[in-house]
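Thanks for coming, everyone. I have one structure to walk through today, so please look at it as I talk.

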Amino acid sequence: MKRRLTCLIALSAVLSAGCGIGSTGPVRAGGPASGLREPGAATHFAQLYFVSSYGIQPATREVDAPATPQQALDLLLKGPDAAERARGLITEVPPMDGPLVAQAADGAVDLHLPVPVANMTGGGGLGLSQIICTAADAQAADGKQLSDVDVRVYEEGFGSPWTIRCDEAGNVVPVPEPAPSPGARGSRWNVS
């Protein structure tokens with residue numbers, strides 16, 4: 001009986017000791033939380049277009065101020081960040097032999113490529129779509145729809161630009177040139 005009583009006392013002592021957590025009270029674990037925005041502070045985002053196994057995909061990045069087309073392209077040229085790579089996003093934009101310049105102009109974007117599209121990887125393809133959609137999306141932030149932004153592409157070695165648009169799905173669509181009026185000088189309809 002003494003033996004049972006001794007075992008019960010020992011068992012209750014072990015059980016009452018708990019899991020080894022002492023009663024020390026609260027312990028400081030560092031400074032206060034940081035990185036939170038003040039209420040009412042504006043948040044700005046740039047929409048960059050990368051490539052996934054599903055085609056062109058937008059990726060949203062937080063920026064300090066609304067991004068211009070040039071600033072958005074500068075971010076695009078750096079490639080996907082770690083979180084975007086973890087989502088399976090890659091870039092098909094080839095290295096450029098010169099500056100890629102985008103200027104906002106009258107609700108459109110003038111895009112100057114340092115190389116002809118034919119010299120870009122794969123004849124342009126997805127890399128060119130990434131560039132067009134990223135530039136157009138930055139300009140669309142001014143209240144236009146993405147598909148309403150004309151991107152006038154100036155290629156190295158070509159005199160006149162060609163116009164293209166990006167739709168909401170990330171597809172690029174050429175904008176047809178307007179037909180010349182029948183009485184226009186130099187028109188095939190003008191008989192002199």
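Where pLDDT is low, the predicted coordinates should not be read in detail. For the protein chain, the mean pLDDT is 77, and 68% of the residues reach 70 or more.

Ground rules, briefly. This is a predicted model, with residues numbered from 1 along each chain as its sequence is written, and local features need pLDDT of at least 70. Side-chain atom pairs count only at pLDDT 80 or more, totals for chains, interfaces and linings use all residues, and side-chain values use heavy atoms, leaving out hydrogens and water.

Now the fold. The protein chain has four helices and seven strands. These are DSSP runs numbered from the N terminus: helices are H or I with at least four residues, strands are E with at least two. Along the sequence the pattern reads α-β-β-α-α-β-β-α-β-β-β. Take the contacts in the protein chain with a separation of 6 or more: residues 24 or more positions apart account for 50% of them.

How much of the protein chain is buried? Of its 192 residues, 30%. Buried means under 20% relative accessible area, exposed means over 50%, and partly exposed is in between, with a 1.4 Å probe and protein chains only. The protein chain exposes about 12,800 Å², and carbon and sulfur atoms supply 56% of that. Those areas come from the Shrake-Rupley method with a 1.4 Å probe; for residues, only the protein chains shown count as cover.

Next, helix 4. Helix 4 is mostly covered, with 14 of its 16 residues buried.

Which residues have the most contacts inside the largest nonpolar core? They are Leu-73, Leu-111, Leu-113, Ile-131, Ile-132, Val-151 and Val-153, in a core of 36 residues. A nonpolar core here is a set of buried Ala, Val, Leu, Ile, Met, Phe, Trp, Tyr and Cys residues joined through side-chain atoms within 4.5 Å. The elements giving two or more residues to it include strand 1 (44-52), strand 2 (55-63) and helix 2 (69-77). Helix 4 gives the most, with eight residues. Look at Val-153. Leaving out residues up to four places away in sequence, Val-153 touches Leu-111, Leu-113, Ile-132, Pro-161, Trp-162 and Ile-164. In soluble globular proteins, nonpolar side chains tend to be buried together.

On to the disulfide. The count is one, where a disulfide is a pair of cysteine sulfur atoms within 2.5 Å. Cys-133 is joined to Cys-166, S to S 2.0 Å. Cys-133 lies in helix 4 and Cys-166 in strand 6 (residues 162-166), so the pair ties together parts 33 residues apart in sequence. The torsion about the S-S bond is about 95 degrees, so this disulfide is right-handed. Cys-133 is buried at 0% relative accessible area, and Cys-166 is buried at 1%.

Start with Ala-67, between strand 2 and helix 2. Ala-67 is buried, at 13% relative accessible area. Its C-alpha is 6.2 Å from that of Ala-138, 71 residues apart along the chain. Beyond four places in sequence, Ala-67 contacts Ala-46, Ala-72 and Ala-138.

Then Asp-167, in the loop between strand 6 and strand 7 (172-174). Asp-167 is partly exposed, at 24%. Its contacts, setting aside neighbours within four places in sequence, are Leu-146 and Ser-147.

Last, Asp-106. This residue sits in the loop between strand 3 (101-105) and strand 4 (108-112). Is Asp-106 buried or exposed? Exposed, at 82% relative accessibility. Its phi is positive, about 50 degrees, although Asp-106 is not a glycine. Most residues other than glycine have a negative phi.

Conventions
Contact = heavy atoms within 4.5 Å. pLDDT = per-residue confidence, 0-100.
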